[in-house]
Amino acid sequence: MKFEDCVLCNERHYATKPVPGEGNSKLAQICLLGRNPGEKEDESGRPFIGRAGRKLNEGLQFAGILRNTCWVTNVSKCYTPKNVAPSAKCLRTCQRTWLLDELARLKQLRLIVAFGNQALHVFESLARVGELHGYSFDVDRPWEPEKRITVFCSYHPSAALRMSNINKMYLADMVKLKQLEKEATYD
Ligand code: URA
């Protein structure tokens with residue numbers, strides 16, 4: 001099945017078409033992982049380009065990370081109206097069918113920044129962003145279990161847009177991400 005022909009879950013009916021990840025898959029060392037595309041992303045076919053995308057960009061400035069050096073993607077590839085979260089079935093199906101293969105193709109990948117609970121749950125199914133935000137942890141790569149990957153988690157940029165207390169924590173997390181990146185060692 002081709003990516004754009006995917007009809008594996010009900011969420012597909014709301015979407016113009018699935019939105020693929022974006023970036024340089026050969027060079028990207030950092031993956032920015034969100035939940036699912038919004039309306040603007042659905043219209044344009046590109047991840048994180050609407051209001052949440054601008055908040056993401058602001059966070060990246062605080063982190064000293066250039067967006068065009070990252071792989072930008074979502075757990076679920078389809079838009080859902082009114083910012084309703086995709087169903088657990090959709091998130092699981094999309095993760096297994098598309099996301100893990102996508103991550104496996106990023107040969108330089110060393111860090112995943114998970115924004116929000118749905119992105120965090122790809123790596124720690126019972127964790128909550130409220131408890132782990134601003135922290136990084138190493139896990140077995142779900143697509144290559146004998147290798148580890150570092151995951152850093154924060155609040156979703158959309159939540160930061162809606163709530164000023166979350167925004168403060170989100171931006172503070174991005175400063176911690178900058179510190180993590182400063183300390184990172186390269187093979
Ligand atoms: N929210 C997300 O999680 N991803 C997008 O691409 C846009 C908004």
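Predicted model: local features only at pLDDT ≥ 70, side-chain atom pairs only at ≥ 80, totals over all residues.
Trainee: What lies 2.8 Å from an oxygen atom of the ligand?
Mentor: That is a backbone N or O atom of Arg-35. With Asn-36, a backbone N or O atom lies 3.1 Å from a nitrogen atom of the ligand.

Trainee: What about His-156, which of its atoms lies 2.7 Å from a ligand oxygen?
Mentor: For His-156 it's a polar side-chain atom that lies 2.7 Å from an oxygen atom of the ligand.

Trainee: How much of the ligand does the protein bury?
Mentor: The protein buries 94% of the 240 Å² that the ligand exposes when taken alone.

Trainee: Nice. Which pocket is the space taken by the ligand?
Mentor: The ligand takes up space that is the largest pocket.

Trainee: How much space lies in the largest pocket?
Mentor: About 780 Å³. The largest pocket is lined by 32 residues, and the closest to its centre are Ala-52, Asn-83, His-156, Ser-158 and Arg-162.

Trainee: Which one gives the most?
Mentor: That's α6, with 4 residues in the lining of the largest pocket.

Trainee: What does the lining of the largest pocket look like by class?
Mentor: It has 11 nonpolar, 12 polar and 9 charged residues.

Trainee: Changing topic, how many cavities of 30 Å³ or more does the structure hold?
Mentor: The structure holds 1 cavity of 30 Å³ or more. The largest cavity has a volume of about 90 Å³.

Trainee: Which residues lie nearest the centre of the largest cavity?
Mentor: Cys-6, Cys-9, Cys-78, Cys-94 and Trp-98 do, out of the 13 residues that line the largest cavity.

Trainee: And that lining by class, how many of each?
Mentor: The largest cavity is lined by 9 nonpolar, 2 polar and 2 charged residues.

Terms used:
Residues numbered from 1 in each chain as written. Heavy atoms only, no water. Polar contact = N/O pair within 3.5 Å; in protein donor to acceptor, adjacent residues only side chain to side chain. Areas by Shrake-Rupley, 256 points an atom, 1.4 Å probe, with all protein chains shown as cover. 1 Å grid on protein atoms, 1.4 Å probe; cavity = no way out; pocket = protein on both sides within 12 Å on 5 of 7 lines; lining within 4 Å. Sits in = over half its atoms within 2 Å of the grid points. Points joined across faces, edges and corners; volume = space filled by probe spheres on them. Helix = DSSP H or I, 4+ residues; strand = E, 2+ residues; numbered from the N terminus. Nonpolar A, V, L, I, M, F, W, Y, C, P; charged D, E, K, R; others polar.
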